[in-house]
Amino acid sequence: MGKIAENKLQKMNSLLHTAFELFTTQGFSKTSIADIAQKAGVAKGTFYLYFKDKYDLREKIIHYEVEKLFAHALEYSDYREKADFTEKLIAIIDDVLDQMAPQPLLVKFINKNLSWGVFNRSLSHVEADEINIHAKIDELMAQDGAAYDAPDIMFYTVICLVSNACHSVIIEKQPVDLETYKPYLYNAIRSVISMHRL
């Protein structure tokens, strides 16, 4: 990567990290583009070289943070030790939830948009080492040897279930805490996958 490209990437990442910090500490509506640019150490006009507006920036941050969660899970979870696709996916989800549990500000920021962060394929990659979550899940399904009806819909349903159900469980510990809830969630995921298996 050349010096100019490296400098651009550094500025964009600075804006992303600064915005995430401000959005999660003082709130999205109370954070201005000028606040973000000033704290990131760039001119306000530089912001618009990378993002259309504050909403575009928020969407890219959600995508970036969700990819980081899944990248960690694919690197460090014990999914490789599981026998079939269903249990591998549950191991990955378990790692994602364990990462989210101690980060209530991240959970509030993502705000039930875990599925959006996974499925919005229109966003350009922020860093060269980002993973392709879909390709990895497809690879795991192929290794399983089973065929699935509408696998994208199946995976979307699983991610929506995780996102919506666990928001209240992690933030408010309602109706129960996360560890109590996990077995019920994982049984629901098994049911969804089973319904799609041909």
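Author: One definition to start: helices (H or I, at least four residues) and strands (E, at least two) are DSSP runs, numbered from the N terminus. From the N terminus on, the protein chain reads α-α-α-α-α-α-α-α-α-α.

Reader: How many helices and strands is that?
Author: Ten helices and zero strands.

Reader: Where does the model come from?
Author: This is a predicted model; local features need pLDDT of at least 70, side-chain atom pairs count only at pLDDT 80 or more, and totals for chains, interfaces and linings use all residues. Residues are numbered from 1 along each chain as its sequence is written, and side-chain values use heavy atoms, with hydrogens and water left out.

Reader: What does the C-alpha trace span?
Author: About 55 × 40 × 25 Å along the principal axes of the protein chain.

Reader: And how much is buried?
Author: Buried residues are 46% of the 198 in the protein chain. Buried means under 20% relative accessible area, exposed over 50%, partly exposed in between (1.4 Å probe, protein chains only).

Reader: Which residues have the most contacts inside the largest nonpolar core?
Author: Leu57, Phe70, Phe85, Leu97 and Ile189, in a core of 62 residues. Such a core is a set of buried Ala, Val, Leu, Ile, Met, Phe, Trp, Tyr and Cys residues joined through side-chain atoms within 4.5 Å.

Reader: What is Ile189 in contact with?
Author: Leaving aside neighbours within four places in sequence, Ile189 is in contact with Ile90, Ile93, Val158, Leu161 and Val162. Contact means heavy atoms within 4.5 Å.

Reader: Among contacts between residues at least 6 apart in sequence, how many join residues at least 24 apart?
Author: In the protein chain, 70% of them.
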